[in-house]
Amino acid sequence: MTARQTIRSTLHKLKQQSRETGQLHLPAAAVTVWAEAGIFLLLAAVLAGAVILEGCAPFGVALVGAAGPGLRGGAALLGACFGAVASLGFSAGLRYCAAAILTFAVLFAFADWKQFSRPWVGPVLAGLLVGFTGILVHRGNSWTWSEQVRLVLESALTLGAARCCRGVVLPKTGSAGPTAERRIGGLVLLAILVTALTPGDAGERFALGRCLSVLAVMLAAWQGGSAQGAAAGVVLGEAIDLAAGGLLA
């Protein structure tokens with residue numbers, strides 16, 4: 001059953017139930033689904049606030065590409081649009097809103113196609129649309145070499161972040177323990193959260209992202225030993241450095 005059929009059937013059942021009984025009783029599964037949608041909405045809003053490379057905030061779009069069509073993707077779309085506008089302002093955030101809307105619209109429209117269910121389609125689409133909207137914004141302006149490189153890096157970061165996060169945000173099918181894909185995806189997702197929660201002008205003030213990174217490194221070292229702790233420390237340290245504009249405060 002496709003995403004559109006699932007949404008239509010669910011709404012039809014709820015409408016029929018309200019007509020017959022006059023009350024609306026949500027089963028536990030429905031409550032779980034809507035709670036999950038709320039998590040995706042908040043997560044996308046936070047990720048969209050991760051501003052890097054002097055005004056680039058592509059990670060909300062990356063989550064939309066990772067979540068795919070359906071309720072998760074729709075909730076991620078709303079959160080990404082809100083976070084982009086809140087962090088960058090309306091004019092600058094409108095570009096990422098357009099990229100997120102186009103990403104979700106294409107995935108939703110072609111959800112019936114088997115080719116669009118492959119794990120790389122959503123991330124590649126998100127990366128291409130971030131680059132496409134960037135080209136449209138800079139159209140007619142003289143581009144410097146650094147701006148062109150930054151746009152390419154932004155598209156590549158969107159694709160990579162969406163591909164890594166896909167293994168974490170989507171339900172696990174097997175019963176085995178966490179795979180390497182999920183471990184790497186979780187670390188990448190945590191690094192983006194640290195970037196979003198560490199403002200560049202934090203200086204010596206309290207920053208939630210730094211506290212989160214310290215706890216994450218300690219947990220990684222406790223669970224996986226010194227090697228995993230060191231790897232987490234390097235990745236999260238680079239995320240804090242990136243949030244600070246390349247120089248640690």
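Arg72 and Glu36 are joined by a salt bridge, their closest N and O atoms lying 3.0 Å apart. Arg72 belongs to helix 4 and Glu36 to helix 2 (residues 28-48), so this pair ties together parts that are 36 residues apart in sequence. The model is a predicted one, and its secondary structure consists of 10 helices and zero strands.

**Overall architecture**

- Read from the N terminus, the order of elements is α-α-α-α-α-α-α-α-α-α.
- The protein has 249 residues, and 36% of them are buried.
- Among contacts with a separation of 6 or more, 63% involve residues 24 or more positions apart.
- The protein has an accessible surface of about 14000 Å², and carbon and sulfur atoms contribute 68% of that area.

**Salt bridges**

- The whole structure contains two salt bridges.
- In the pair formed by Arg72 and Glu36, Arg72 counts as partly exposed because its relative accessibility is 25%, a value between the 20% and 50% cut-offs.
- Glu36 is likewise partly exposed, its relative accessible area being 28%.
- A salt bridge also links the side chains of Glu154 and Arg95, with an N to O distance of 2.9 Å.
- Glu154 is located in helix 7 (residues 145-169) and Arg95 in helix 5, so the pair ties together parts that are 59 residues apart in sequence.
- Both residues of this pair, Glu154 and Arg95, are buried.

**Helix 3 and the residue after it**

- Helix 3 spans residues 59-67 and is mostly covered, with nine of its nine residues buried.
- The buried residues of helix 3 are Phe59, Gly60, Val61, Ala62, Leu63, Val64, Gly65, Ala66 and Ala67.
- Gly68 follows helix 3 and has a positive phi, near 75 degrees.

**Helix 5 and Leu102**

- Leu102 is situated in helix 5, which covers residues 90-109.
- With a relative accessible area of 38%, Leu102 is partly exposed.
- Leu102 and Val130 are 28 residues apart along the chain, and their C-alpha atoms are separated by 9.7 Å.

**Nonpolar surface patch**

- A nonpolar patch on the surface is formed by Leu41, Leu42 and Leu78, which together present about 290 Å² of accessible area.
- Leu78 is part of helix 4, which runs over residues 71-88.
- Leu78 is classed as exposed because its relative accessible area is 56%, and the cut-off for that class is over 50%.

Notes
Residues numbered from 1 in each chain as written. Predicted model: local features only at pLDDT ≥ 70, side-chain atom pairs only at ≥ 80, totals over all residues. Heavy atoms only, no water. Patch = residues over 30% accessible without salt bridge, like charges linked within 9 Å, V, L, I, M, F, W, Y side chains within 5 Å. Areas by Shrake-Rupley, 256 points an atom, 1.4 Å probe, with all protein chains shown as cover. Salt bridge = Lys/Arg side-chain N within 4 Å of Asp/Glu carboxyl O. Helix = DSSP H or I, 4+ residues; strand = E, 2+ residues; numbered from the N terminus. Buried < 20%, exposed > 50% of the residue type's maximum accessible area, 1.4 Å probe, protein only. Contact = heavy atoms within 4.5 Å.
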